[in-house]
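Hi,

Here is the structure I promised to pass on. My notes on what turned up in it follow below.

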Amino acid sequence: LEKLGWLDRNGQIEPGTTKKLLSNRLVMVVPKNSAMSIGSPADLLRPDVIKIALAEPSTVPAGIYAREFLEGEGIWERISSKIVPVANVRATLATVGWGNVDVGIVYRTDAAISDEVKIVYEVPGEKGPDITYLAALVKDSKNIKTAHDLLEFVSGDDARKIFETYGFIFLQ
């Protein structure tokens with residue numbers, strides 16, 4: 001979002017072509033064979049939830065989003081000792097999948113492609129961060145016709161089916 005804004009402010013985006021294309025959500029995952037259930041963020045306070053993995057909450061977008069969400073729920077300070085920060089979302093999935101932690105917080109799209117975890121809680125759109133993916137045409141594209149065709153395709157019904165298969169929320 002920030003980089004596209006910079007391009008737009010500097011006259012690099014073809015006017016009228018910016019589209020909010022996709023969205024994503026945060027989810028809580030557990031190992032595939034775990035019996036643990038999470039019905040709300042407050043369940044992370046339970047004594048049986050000992051370790052919670054998430055991408056580094058000070059530098060990685062997914063971790064920053066997770067921390068902001070948990071702060072908004074008023075539980076970050078009370079669970080911070082349970083947090084196991086890892087390098088990124090894929091490392092979070094691996095850590096959960098191997099059973100090294102009880103719960104992880106990742107993007108829905110990443111959870112959708114893992115065979116090692118299952119989603120036990122999805123952060124509601126109105127409570128979670130605004131995770132939006134934009135698309136636009138760059139003004140000086142060498143092949144503007146092909147770029148336009150690609151933008152049309154990713155905005156259409158065929159692409160919608162593909163994106164939704166991988167857990168994205170289609171905004172077009």
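Predicted model: local features only at pLDDT ≥ 70, side-chain atom pairs only at ≥ 80, totals over all residues.

Residues are numbered from 1 along each chain as its sequence is written, and side-chain values use heavy atoms, with hydrogens and water left out.

Salt bridges

By salt bridge I mean a side-chain nitrogen of Lys or Arg within 4 Å of a carboxyl oxygen of Asp or Glu. Searching the whole structure turns up 10 of them.

One is the pair Glu71 and Arg67, whose closest N and O atoms are 2.9 Å apart. Both residues sit in helix α2, 4 residues apart, about one turn of the helix. (Helices are DSSP runs of H or I with at least four residues, strands are runs of E with at least two, and both are numbered from the N terminus.) Glu71 is partly exposed, at 40% relative accessible area, and Arg67 also counts as partly exposed, at 28%.

Lys145 and Asp149 make another salt bridge, with 2.8 Å between the closest N and O atoms. These two are in helix α6 (residues 144-154), and because they are 4 residues apart there, about one helical turn separates them. Lys145 is exposed at 55%, whereas Asp149 is partly exposed at 37%.

Then there is Arg25 with Glu122, where the closest N and O atoms are 3.0 Å apart.

Next, the strands. I count two strands as paired if DSSP finds at least two bridges between them. Which strands make up the open sheet? There are 3, in the order β7-β1-β8, with antiparallel pairing. β7 and β8 stand at the edges with a single partner strand each, so one side of each has no neighbour in the sheet.

On one side, β1 (residues 19-24) pairs with β7 (residues 131-135) over 5 bridges, in the antiparallel sense. Lys20 has Leu134 as its bridge partner in β7. On the other pairing, 2 bridges join β1 to β8 (residues 169-170), again antiparallel, and Leu22 stands opposite Phe170.

The cores

A nonpolar core here is a set of buried Ala, Val, Leu, Ile, Met, Phe, Trp, Tyr and Cys residues joined through side-chain atoms within 4.5 Å. The largest one has 36 residues, and Met28, Ile38, Leu44 and Leu70 touch the most other members. Elements that give two or more residues to this core include β2 (26-31), α2 (61-72), α4 (89-97) and β6 (117-122). β2 gives the most, with 5 residues.

What does Leu44 touch, leaving out residues up to four places away in sequence? Its contacts (heavy atoms within 4.5 Å) are Met28, Ile38, Val49, Ile52, Leu70, Ile75, Ile79, Lys82 and Val103.

Leu137 is worth a look in the viewer. Leu137 is in the loop between β7 and α6 and counts as buried, at 5% relative accessibility. Beyond its neighbours within four places in sequence, Leu137 is in contact with Gln12, Ile13, Glu14, Thr17, Ile144, Ala147, His148 and Leu151. The C-alpha atoms of Leu137 and Leu151 are 7.5 Å apart, with the two residues 14 apart along the chain.

One surface feature

Ile113, Leu150, Phe153, Ile162 and Tyr166 form a nonpolar surface patch with about 500 Å² of accessible area together. Patch members have over 30% relative accessible area and no salt bridge; like charges are joined within 9 Å, and nonpolar side chains (Val, Leu, Ile, Met, Phe, Trp, Tyr) within 5 Å. The areas come from the Shrake-Rupley method with a 1.4 Å probe, and for residues only the protein chains shown count as cover. Tyr166 lies in the loop between α7 (157-165) and β8 and is partly exposed, at 45%.

Cheers

Conventions:
Buried < 20%, exposed > 50% of the residue type's maximum accessible area, 1.4 Å probe, protein only.
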